[in-house]
Every structure is written in C-alpha cells, then in structure tokens.
Amino acid sequence: MTEDLAFWLGYITNGKHLTWYASFQFTIYAALLGGALAVVFGLTGATLKNSRFFVLRLVGSTYSSIVRGVPDVLFFLFFPLAFEQGVEWLVSTQVCSPEAIAAQTAPWPPCREANWFLGTTEYLLLASVSLGLVYGAFATNVIHGAMRAVPAGQLEAARAYGMSTTQVLWRVHIRQMWVYALPGLSNVWMLIVKATSLLSLLQIADIVLWADRLGAPNFLPTVGLVHDDWRWRYYLVLFVFYILVTWLSERAFEYLMRRTGRGILSEVRA
C-alpha cells in the first residue's frame with residue numbers, strides 16, 4: 001500500500017506532469033484575453049451596425065456575417081499564419097537585399113534576416129486575437145440585439161437633457177444594454193472556453209497536447225512498458241476541468257446579471 005502510494009505520488013509529480021499542470025495557465029490566459037477582445041470587437045461591430053452611415057453599417061454587417069460563416073478551426077489556423085507571413089514580408093522589404101533574396105533557397109521567408117521566430121508567448125497572443133475576432137462576430141449580433149432592446153424612451157429622455165449623440169451612446173445606450181446582452185454573451189464566453197482546446201494547433205504545448213503525450217503508451221529502455229494507453233484518464237481530467245470552469249462561469253454571469261439588472265428591469269416591467 002505504501003509502495004503504491006509512493007509510486008503514484010512520484011508519478012504525478014514528475015517533471016512532465018508538473019509541465020502539464022503549468023500549461024493550464026495557457027488555457028486560462030487565452031480564454032480571458034480572447035473573451036475581452038471578443039467584447040471589444042463585439043461593441044465595435046454593434047456600434048457600426050447601428051451607425052447612421054451606410055458604409056459603416058455595411059462594414060459591421062460584413063464582419064459579423066463573414067466571420068460567423070467561416071469554420072472556427074480554419075480561421076484559427078489562417079489568421080496567425082497570415083499575420084506572421086505578413087510581418088515577415090513587411091520586414092523583408094526593409095532588410096532583404098537583392099543578393100540575399102537570390103541566395104535564399106527556401107520558398108519562404110524572402111531572406112533569412114526577415115524570418116520571425118515565434119515562441120509560445122507570441123503564438124498565445126495570436127491565438128487570443130483569433131478567438132476575439134471569431135467570437136467577436138457572434139458578440140456583435142448579441143450586443144446589436146441588446147442595443148435595440150433598450151427602451152427608446154430612455155434614449156429620447158437623454159437627448160432631451162441635451163446630451164450629444166456620443167454621450168447618449170456611451171452613457172445611456174451601452175450602459176443599459178448590458179442587462180439584455182449578458183445572457184447571450186455568457187454563451188459566447190462558453191464557446192471561447194471550449195475553443196481553447198485548439199491551442200495545440202498553433203504549436204502551444206497546452207493541456208490537450210500534454211494529456212495526449214502523457215496518456216499515450218509509455219516505454220522506458222530500462223523498465224519497458226510503464227503504462228498502456230491511458231489517454232482516456234487524462235481526457236477525463238480535462239473533462240472535469242472544463243465542467244468546473246463552466247460552473248464557475250455560470251455563477252459569475254448570474255452575479256453580473258443581478259448587478260446590471262438593479263433598477264433597470266423594475267423600470268422595464270413597470
């Protein structure tokens with residue numbers, strides 16, 4: 001019994017498992033930053049869709065329609081790669097001489113000096129921006145509908161007090177629309193949390209990648225087979241982790257909806 005306990009304690013606290021535990025921070029960072037950017041892009045898109053100018057309304061509608069129609073995985077792979085190669089091309093126009101371009105044997109980058117080596121931090125930022133862009137399109141429709149749900153009398157009263165169009169938008173319209181937007185934004189947040197399982201596609205050693213590595217059949221030259229295919233056990237840990245995040249998120253959004261609804265829902269019902 002004591003030997004088994006010592007074995008399992010040593011096994012789950014070895015270097016690889018400690019790295020797996022540390023990789024949970026990547027999922028949390030990507031979800032939080034991606035969620036914040038989704039709200040920013042959503043507010044921007046919804047404001048454009050509510051604009052008086054046709055061109056701005058067209059930009060907002062195009063953004064929400066096109067991005068929502070592209071598969072998440074495809075956009076998640078396309079944007080970081082396109083951004084990386086775009087930066088390399090821009091740098092190459094400044095640092096690559098004709099001789100260096102002629103001597104380059106690889107098809108990309110144009111020259112060795114223009115090569116941009118991305119690490120985990122850079123890929124994590126690009127992944128978060130990708131999440132924000134994709135789910136910001138969904139947030140755009142949610143926020144746009146919430147802004148339309150704000151009683152027109154509230155906006156007319158603000159204008160009657162002499163507020164400018166910008167003041168009405170930011171001090172009244174956007175502040176009151178949160179009570180209508182939060183239920184839909186909670187669904188967008190849960191989609192972002194689930195999409196963080198795609199981080200390994202961008203060469204980020206996240207919780208899914210490590211679970212696959214640790215759960216695969218493990219051999220050691222001196223010991224032989226340490227364990228067979230245990231991936232389902234590691235995936236079960238991830239399953240519990242995402243369920244816990246979901247439960248905490250639901251409690252947080254319930255609190256936010258109670259806070260934002262104070263004094264507003266009672267007036268609407270009246």
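**Figure 1. F75 is a buried residue, with a relative accessible area of 14%.** Buried means under 20% relative accessible area, exposed means over 50%, and partly exposed lies in between (1.4 Å probe, protein chains only). This is a predicted model: local features need pLDDT of at least 70, side-chain atom pairs count only at pLDDT 80 or more, and totals for chains, interfaces and linings use all residues. Residues are numbered from 1 along each chain as its sequence is written, and side-chain values use heavy atoms, with hydrogens and water left out. F75 sits in helix α5 (residues 72–95). Helices (H or I, at least four residues) and strands (E, at least two) are DSSP runs, numbered from the N terminus. Leaving aside neighbours within four places in sequence, F75 is in contact with V70, P80, S130, L133 and V134. Contact means heavy atoms within 4.5 Å. F75 and L133 are 58 residues apart in sequence, and their C-alpha atoms are 9.1 Å apart in space.

**Figure 2. The whole protein has 12 helices and two strands.** From the N terminus on, the elements run α-α-α-α-α-α-α-α-α-α-β-β-α-α. Of the 270 residues, 36% are buried. Take the contacts between residues at least 6 apart in sequence: 72% of them join residues at least 24 apart.

**Figure 3. The largest pocket has a volume of about 440 Å³.** Grid points are joined across faces, edges and corners, and a volume is the space filled by probe spheres set on the points. Lining residues have an atom within 4 Å of a point. The largest pocket has 16 of them, and N50, S51, T165, L169 and H173 lie nearest its centre. Helices α7 (120–149), α8 (152–160) and α9 (165–195) each supply at least two lining residues. α9 gives the most, with six. By class, the lining has seven nonpolar, six polar and three charged residues. Ala, Val, Leu, Ile, Met, Phe, Trp, Tyr, Cys and Pro count as nonpolar; Asp, Glu, Lys and Arg count as charged; the others, Gly among them, count as polar.

**Figure 4. The second largest pocket holds about 240 Å³ of space.** It is lined by 13 residues, and G35, V39, L182, L185 and F253 are the closest to its centre. Two or more lining residues come from each of α3 (24–49), α9 and α11 (231–260). α9 gives the most to this lining, with six residues. The lining divides into 11 nonpolar, two polar and no charged residues.

**Figure 5. S200 lies in the loop between α9 and α10 (207–215).** S200 counts as partly exposed because its relative accessibility is 24%. Leaving aside neighbours within four places in sequence, S200 is in contact with D206 and L209. S200 and W210 are 10 residues apart in sequence and 9.2 Å apart in space, C-alpha to C-alpha.

**Figure 6. W20, Y21, F24, Y234, F241 and Y242 form one aromatic cluster.** A search of the whole structure finds eight aromatic pairs. Rings of Phe, Tyr and Trp (its six-membered ring) pair if their centres lie within 6.5 Å.

Conventions: Phe/Tyr/Trp six-rings, centres within 6.5 Å; stacked < 30°, edge-to-face > 60°. 1 Å grid on protein atoms, 1.4 Å probe; cavity = no way out; pocket = protein on both sides within 12 Å on 5 of 7 lines; lining within 4 Å.
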